[in-house]
Amino acid sequence: MADGEWLGAEDGRKRARQNGVIQPLLTDLYQITMAYAYWKSGKIHDTAVFDLYFRKNPFQGEFTIFAGLEECLKFFENFHYSDSDIEYLKKTLPQTIEPEFFVFLRQLTVEDVILSAIDEGSVAFPRIPMMRVEGPLIIVQLLETTLLTLVNYASLMATNAARYRIAAGKHISLLEFGLRRAQGPDGGMSASKYSYVGGFDGTSNVLAGKLYSIPVNGTHAHAYVTSFSDLSELKTKVLAHRTSGVLHDMLDLCTRWREKLAPLLSLSSSEASDGELAAWISFAIAFPSGFMALVDTYDVRRYPRAVPAWPGLIACFLLDDICLCSRSGLLNFCAVAMALNDLDYRPIGIRIDSGDLAYLSKLARTTFEKVAHQYNIPWFAKLKIVASNDINEDTILSLNEQGHKIDCFGIGTHLVTCQRQPALGGVYKMVEINGSPRIKLSEDVMKVTMPGKKTAYRLYGADGHALIDLLMRSVEPPPQVGQKVLCRHPFQESKRAYVIPSRVEALYKVYWQNGKICCQLPGLTEIREKVQTSLESLRNDHKRNLNPTPYKVFL
Ligand SMILES: Nc1ncnc2c1ncn2[C@@H]1O[C@H](COP(=O)(O)OP(=O)(O)OP(=O)(O)O)[C@@H](O)[C@H]1O
Ligand SMILES: O=P(O)(O)OC[C@H]1O[C@H](OP(=O)(O)OP(=O)(O)O)[C@H](O)[C@@H]1O
Ligand SMILES: O=C(O)c1cccnc1
Ligand SMILES: [Mg+2]
């Protein structure tokens, strides 16, 4: 992975250095063999236009978020074959390759390429190219795989994250916890970056925080709790009062609070784990203003070992067990939180990582409310409840229906691996060569390419919502506000409609021309905001989880 340095952009903005593996050889061999064959057959001066698009929205949804553009542009900025690349290719390609081809490759640049794209963070739809790349045939062909690898996962990830955001609603925090489960280190970095773009609030991935300026956040693991078994293990027991600086014995304060709180919460302090309390006292001493506790460590341990013969009894055991063990955690947490309050610190909250997250979050919230009421400290009722454990979009929707009391979801595996659809099928297809349109035919009508250099417009209705995307030949006059536009279905001749737009948005901007980035590029936060404004322009029925209405794309 790249180090933490920054590249100075010409406009004075700073961009994170690009991952070192993004270089011209990060491609499929066939691009280079084709390049030679094009070169050998005299196509050096041919020019071509390629469209980068996908045919189907991911996750059974009806929208996609376009992401990865800035990375493509950084790739362009650094594009050149190094001496060692050329040496490697000489060794690897057939010996019959003429040496002049390597001279040609060595001096190849993307100076004559023009890249047009929709804005990064915009919603995108099937068949409307997200990017159009035009220039010398050989070079635009060579770019195919790298551009696809930079756009496909980025867009898939941003879309997945945006869907989690829609499911969770605006007011719940979403943290990405997926590095350990991601598809390798680079997958982990991209997941952190593009889940932030899609609407997450932060990540546990520290390097992503450093390189992309994404907020980092986190709690602690079960190991921290299980590393303590008794109160006698506490080596540091004192904590200074936040304002007076007077030292207090936290062990003494916490055990006294545990005794005091137990009857209020209808619990017995003897049932709460001393190891857990010791762990949290030490954690609170280390982070008195950032105290967060993972409260479910002893859940599993307290499940009944012998399975009784009567199934109803199993249910009783399990339910009772959930209450007992979570209350060990909750009682210990409240004791430490109240001790911190005595010393003028505000704890942050808890994380629950197993069990019934709806039930346990409600139980925790009621507990906090009881304490808040009893001691007249209203903020205690609002302590944060973080939930994690194999959460996906459907879990969030189900928890919503159950009226959960969770403030923040920590989501790893299913977010970063895009469980519901592991790849976006973005493709890069030639649509024009030397000014004449090209088409790729297929028995599958969905796979037939749209020939010719095209441009696209988004037409908006009077209520501000996007109505349709319209793909046109670049030479055709653009649609006009208030004027009837005849729109045709891409494949079904009989399907036509007239649309009168209240607003017309040209979707493409030229981002790369004359060998440099020619548009002011937004920062990650602006791209993140763009995702939300772009999604707001879509009607809700296009965004719902179940059977969303397809958004129309016309010609
Ligand atoms: N109230 C709920 N409604 C819907 N899904 C839930 C709810 N509570 C938890 N879940 C989900 O149910 C699954 C429970 O996972 P699992 O069966 O592994 O239980 P667990 O609590 O992790 O058990 P253990 O800790 O013993 O492994 C997780 O994917 C979790 O996100
Ligand atoms: O559940 P995810 O969405 O992937 O979120 C990340 C998970 O990573 C941690 O678990 P850990 O690595 O300790 O594994 P475990 O909880 O599955 O045992 C954490 O406690 C979450 O459960
Ligand atoms: O900070 C956390 O709580 C965290 C980080 C990564 C994975 N699971 C949890
Ligand atoms: Mg887990």
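## Domains

In this predicted model, the chain splits into two domains. Domain 1 covers 10-214 + 421-553. Domain 2 covers 222-300 + 324-406. Their C-alpha centres lie 46 Å apart.

Contact between the domains draws on seven residues from domain 1 and five residues from domain 2. On the domain 1 side, five of the touching residues are nonpolar. One more is polar and one is charged.

## Ligand 2

The shell around ligand 2 holds 14 residues. F177, D353, S388, G412 and T413 come nearest. By class, six residues of this shell are polar, four are nonpolar and four are charged.

Which secondary-structure elements each supply at least two residues of the shell around ligand 2? They are strand β15 (408-411) and helix α15 (413-416).

Why does ligand 2 lie between domain 1 and domain 2? Both domains give residues to the shell around ligand 2, so the ligand sits between them.

## Ligand 3

Around ligand 3 the residues are F177, S204, G218, T219, R351, S388, G410 and G412. Six residues of this shell are polar. One is nonpolar and one is charged.

Note on methods
Residues are numbered from 1 along each chain as its sequence is written. Chains are lettered from A and ligands numbered from 1 in the order in which they are written. This is a predicted model: local features need pLDDT of at least 70, side-chain atom pairs count only at pLDDT 80 or more; totals for chains, interfaces and linings use all residues. A residue is near a molecule or strand if its C-beta atom, placed from the backbone, lies within 6 Å of it. Helices (H or I, at least four residues) and strands (E, at least two) are DSSP runs, numbered from the N terminus. Ala, Val, Leu, Ile, Met, Phe, Trp, Tyr, Cys and Pro count as nonpolar, Asp, Glu, Lys and Arg as charged, and the others, Gly among them, as polar. Domain bounds come from an automatic or database domain assignment. Two residues are in contact if their C-beta atoms, placed from the backbone, lie within 7 Å.
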